[in-house]
Amino acid sequence: MDSSGGRHRVPQSAEPAVFTDVSRGLGASLGFAKEIHPAFLADTEEARSVSEWLRKRKALLTDADAVAVIRRLAAIGAEGSGGSRVLRLTDDQLVELRDGFTQVPDSERESLGRNVGRAIQLQGQRYDRAGNREVVDVAPASAYLPARLDSSEREESFAFAAGRATGLVWLRPKYAEILQRGGAGMGARKFLRLLGAESAPRLRRHPGARERFAQSPKGLPAYVFSGPQARAEALRAQDATFTLDDYDSPDLHAVAVNIAAEQNSQIRRHRAAALFHVLGRAWSRLSDHDEVAAVYDRYSWQERGRTAAFWLWQLRDTPWLDNGGGKPSSPTRLRMRSTGTVAVYGADEERFLHSEIQQLVGRRSEVLRALDISGEARTEDLVECLERLRQREKEGGDRDVPAALILYEALAERSSGRGGGDSRDMSQVAVRLAFGEGDGLVLTDSGWRRPGQCLRGAPVFGSLRAFAPSFPGSEAFWRRLGVSEPAVDDAIAVIRELAQRDRKGDKAEQDGTTQSIVLQTLQMLSALGLTDPGVLTAKRLRRLPLWTSQGWQSKRPVYAIEDPVVAEVLGRERAVWRPGAELEQFRSLIGALRVTEVAAEHVTVYSPGPAVEDSEATTLARSAVTHLREDLQRNAVHVARRLDRSWDELADLTVRIAPHLACRVDLPDTAEPVTVPVDSGIGWSSGTMYVRDIAALPRPSGVVRSIAARFPGSRREAALAWGAAWDQADKGRTAVQLSLADDQVRRDQEAAEAERERRLRELGAEVDERRTAARSQAGTRPGVLRTPVPLPSAPSGGGMSAPPAPPAAPPRRLVDPSRVRVVDPGGAITPPRPSVTGAPVTRPNGSTSGASGLPQPRAGSAIPQQHTPPRPYTGTEQEKVALDVVRKALAADHDWLRDLRAQHGLGADAVDALSRFYELKAYRGAEPDVVQLTPAEFQRATESDDFFLVIVSGLEAGTAPLTVRIIPQPVQQLTCRPSSSVMISGIRHAQGLLYRLEEER
């Protein structure tokens, strides 16, 4: 009951009615607040009970609470109720509502404002199809702000862009003045935007989306009635049938259509530019829905990538932008004009955005990209340009290689993935198909080719094969299109063709073109041999024709000789390979080509007659060596590091004059030596530099060649440097003896290598003594204890004989140490790999006889026990056999070399009678180049000079040669990579003592 006695039902939460204790405030101003009868406000139990019940239902307001009124309005708007529940506000009511919003907490203001904007109506205006203005009532949440209330300049506002487009409703401009009243509230624009009025087109979920699968988002079909055809085609190219959570914008579409229909071209372009600015300002909101998922409907939504939203496809498909000729065109047909796009598309104005629009909207790059308008060419357009180039050449026009390269570079940028996943552009599959159609779209020196008909990379085969053009990024681009790189079979075929052609022409010498192709082809094969040695097999290359001193040769032997003088003389009688460059470049090919290399050890310089020492020439040569050293140390350190001998050895050479100097060549495949006269040579064993006369000392074909040979990998640089050094020495200048850090490192390394070699020789001598003593006492001393090796038991049982079974593979087993024989009792000291950088790990200072923190070996032995059955042998058995093989190699017994493998944390597996530690690494097969040390083993190796790393390989019978490699000071000479354990590499090139053994049958 209200204060006048009228009776009312209790209002619901989303109803524009409420009771209040006073007849004032926002509720009373809006006309839906009724003053409650005073009886319900009396100080009685019954009145209090009713009042409290009404408050809980939010049907009773006290003290004219404006916030409560606004919340009730928001509830009405949130429910979406229309008709009689919508409040049509007067100007004064709107002002009071604005003032009421100042009391709403900031955290609620935005959410309440948009719902209130749905619950009220204000005066608006719209245009009919004839362009006539109509005055209508509109909810602010469904209306747009007029230009007067837009924050932008008029010619950049949404109202200016929309013009008289139908379907959009605009708030009356008068609210700009009305909401200036009072001044206590917020400004007109801010308040109306709070109520949901927009200054940019709204998006909505597309009403055509339907539920295809339970508990999955709705999908919009690829084909929508009156929808953009380009969208359907793009989805078909992606093998997609739907898009998920798609949006459209009827208002934006109406504006674009209206702009396209504008007859005044000047106004049309300015309205189009205004729409660009509107979209750009709102892009942070619009970009949340500019892409959607493209899917295929099979049992569930199957992902097919991303595509543009429906509203964006519509905007792209509508001809609302003027081209360069002033005609309306859809955005997808236009490009930004630039030097690059003109070079690709030509100067056709229909392809470019009108210059006036481009000037007005050039900074709206995000909108330009979304509309597929950019300063870049589209992939499909680039492909079309290539097709036009091909057609023009076919019709008799010139071959335009520069234009094709521009197009290829642009295509390479797009295919690299930097802008990947754009469904608007031509797919990579489609590009590949286009390149493979007809004559192909790869422009080579031989004409247009398909990707499968040409090769990529440098045209090493000349005109014998078609190569795709090279440009920045071409390697990856052609690979994606399926253009192969030159392979071994291609190289073989090209060389065979050259050989056959030259044989038919009976050519005694190759022309420049043939030499170039042969050289580059061999260099390509050599590079392949370094990166993937497995591709260069003798089966493929052993019969490859080679250009030799006797012409093309497919049969072997063919000799490879580094020394050109020896090669020239020997080549008169035998086929000597002429690869076209220094042999050093092609060393990786020698084995696969079955070429017989005549190495330095096969050539011996000698003098049949007396060789007289020339002291003056010796002094001059030694001075040249010091100048060479100084020059390389100052200007070419990398060359100086290549020297495979010591500088002292070079500086101590003695020059001798031998008028009848010659060299003997011992061909590896024949016992018959060949004598070759030479002008100069170096006998390294005697430290002698032989020359026929002094003039040979500075000549490139003389001593220079022998000196340069000692710098593998840098022979040409060393030869040039020797000429300069000889010139300095000949002028009597004195070289400066530099003492560089590299020299000190090298001296230290040489000293360390000498010390390791001394220890290895002492160890070898000890072994020889024990082996001699063992032979003399063979009748009284027991041999080495045989390690039992489990062998598979033969099946037993009687009965009928079974059919003969096929022969089984021999069982896997370890070698039997008792039947092992040392092939080379003296062992072989393996030299270290040449290096000048020093050891990778330096040994810390400390005790050299013991290891701090590590236990000392206990008396007796600590042999681990086997707890698991062998399958077919265990790791423990393998280690035990390895230790017995080491004892056999060292002629040691169990007492001299004690097994301490069960003493954990010792850092070694065995210790000998001289307290030297041995860490064993046992391998069933071939010897590895990398082994692993535990922290304790690494510490023992680092802190003890008396430590040997022992690699035993080939322990399983028949897998690999049985060898024992003993490496002193392993961490000082090998490369270490610490982790939880320590990996050390370079085993096969370490300085050590190598024993080869074999199992007697």
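Hi everyone! Let's start at D245, which sits in the loop between two strands, β10 (242-244) and β11 (247-248). One thing to keep in mind as we go: this is a predicted model.

So what is curious about D245? Its phi is near 50 degrees, a positive value in a residue other than glycine. For background, most residues other than glycine have a negative phi, and most peptide bonds are trans. D245 counts as partly exposed because its relative accessibility is 39%, which falls between the 20% and 50% cut-offs.

Now look at Q215, in the loop between β8 (204-205) and β9 (219-221). Q215 is not a glycine, yet it has a positive phi of about 60 degrees. Is Q215 buried or exposed? Exposed, with a relative accessible area of 85%.

Next, a peptide bond. R556 and P557 are joined by a cis peptide bond, with omega about 20 degrees. You'll find P557 in the loop that runs between β19 (551-553) and β20 (559-561).

Let's move to the surface. Here R496, K539, R542, R543, K555 and R594 come together as a patch of positive charge. One of them, K539, belongs to helix α23, residues 538-541. K539 is exposed, and its relative accessible area is 76%.

Finally, the inside. The largest nonpolar core has 47 residues, and those touching the most other members are L168, L275, F276, W311, W320 and L321. Several helices supply at least two residues each, including α6 (158-162), α10 (250-261) and α13 (310-317). Which helix gives the most to this core? That is α11, with seven residues.

Terms used: Residues numbered from 1 in each chain as written. Predicted model: local features only at pLDDT ≥ 70, side-chain atom pairs only at ≥ 80, totals over all residues. Heavy atoms only, no water. Patch = residues over 30% accessible without salt bridge, like charges linked within 9 Å, V, L, I, M, F, W, Y side chains within 5 Å. Areas by Shrake-Rupley, 256 points an atom, 1.4 Å probe, with all protein chains shown as cover. Salt bridge = Lys/Arg side-chain N within 4 Å of Asp/Glu carboxyl O. Lys, Arg positive; Asp, Glu negative; His and termini not counted. Charge placed at Lys NZ, Arg CZ, Asp CG, Glu CD. Helix = DSSP H or I, 4+ residues; strand = E, 2+ residues; numbered from the N terminus. Buried < 20%, exposed > 50% of the residue type's maximum accessible area, 1.4 Å probe, protein only. Core = buried A, V, L, I, M, F, W, Y, C linked by side-chain atoms within 4.5 Å.
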